[in-house]
Amino acid sequence: MRRYAPLIGTVLMLSLAPYAGIAEIRERPKLIDVVNDKGGNVLEMVQQRERLARSGKTVRIRGYCRSACTMLITMPNACLGPYARIGFHAPRIPNTSIIPPYVDQIMGSYYRNGIRQRWFGGWNQSLGMNVISAREYVRLDPQTRICKGLIKSKKR
């Protein structure tokens, strides 16, 4: 157990780090829009995902969705805006380039198909942002839906 103490400390520190996402979350009667989410604390995003999944509302992920935000895309009630940009990089201890153990496994557990393959094929160790379009995301994970009703206007 002692040899795991530094790892446990790292995971706890990550769970206590503030959520860095500056997302705009707009709730409507039947919709929740998550707009321009930079990501943030992985464990907080797990909780946010559970709340959004239980909401019973369609969750539209729009604008950019980076880092921990990407864990929301595979919710059964989620869809991607057709002009969304999705970014993946290794989870890091805030303000460092240190990649903590196990956090990438937590994130990877929310990915499917080709996205999961790319994640464990190197995105999970990349300090740079790997950005793909909504259409590319759907090509890699055909279970993902593009949101209906958002296709006509880029600015919505």
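Q: Is arginine 139 buried or exposed?
A: The model is predicted, so local features need pLDDT of at least 70 and side-chain atom pairs count only at pLDDT 80 or more, while totals for chains, interfaces and linings use all residues. Residues are numbered from 1 along each chain as its sequence is written, and side-chain values use heavy atoms, with hydrogens and water left out. Buried means under 20% relative accessible area, exposed over 50%, and partly exposed in between (1.4 Å probe, protein chains only). The relative accessible area of arginine 139 is 53%, so this residue counts as exposed.

Q: Which residue forms a salt bridge with arginine 139?
A: A salt bridge is a side-chain nitrogen of Lys or Arg within 4 Å of a carboxyl oxygen of Asp or Glu. The closest N and O atoms of this pair are 2.7 Å apart. Both residues lie in helix H5 (residues 134–140), three residues apart, about one turn of the helix.

Q: How many residues apart in sequence are the parts tied together by arginine 51 and glutamate 27?
A: These two residues form a salt bridge whose closest N and O atoms are 3.3 Å apart. Arginine 51 is partly exposed at 33%, and glutamate 27 is partly exposed at 45%. Arginine 51 belongs to helix H2 (residues 42–54) and glutamate 27 to strand E1 (residues 24–27), so the distance along the sequence is 24 residues.

Q: What pattern does the protein chain follow along its sequence?
A: Helices (H or I, at least four residues) and strands (E, at least two) are DSSP runs, numbered from the N terminus. The protein chain has five helices and six strands. Read along the sequence, their pattern is α-β-β-α-β-β-β-α-α-β-α.

Q: What share of the contacts with a separation of 6 or more joins residues 24 or more positions apart?
A: Contact means heavy atoms within 4.5 Å. As one case of contact, isoleucine 86 touches residues including Cys65, Thr70, Asn130 and Tyr137, not counting those up to four places away in sequence. For the protein chain, the share held by residues 24 or more positions apart is 61%.

Q: Which residue has its backbone oxygen 3.0 Å from a polar atom of the side chain of asparagine 77?
A: Asparagine 77 sits in the loop between E3 and E4 and is buried, with a relative accessible area of 14%. Beyond neighbours within four places in sequence, the contacts of asparagine 77 include Ala53, Ser55, Lys57 and Arg145. The C-alpha atoms of asparagine 77 and lysine 57 are 6.8 Å apart, although these residues are 20 residues apart along the chain. The backbone oxygen at 3.0 Å belongs to leucine 52.

Q: Over which residues is the pLDDT below 50?
A: pLDDT is the predictor's confidence in each residue, from 0 to 100. The protein chain has a mean pLDDT of 87, and 82% of its residues reach 70 or more. Where pLDDT is low, the predicted coordinates should not be read in detail. The stretch with pLDDT below 50 has 32 contacts in the model beyond near neighbours in sequence, and covers residues 4–20.

Notes:
A polar contact is a pair of N or O atoms within 3.5 Å; within protein, one must be able to donate a hydrogen and the other to accept it, and residues adjacent in sequence count only if both atoms are side-chain atoms.
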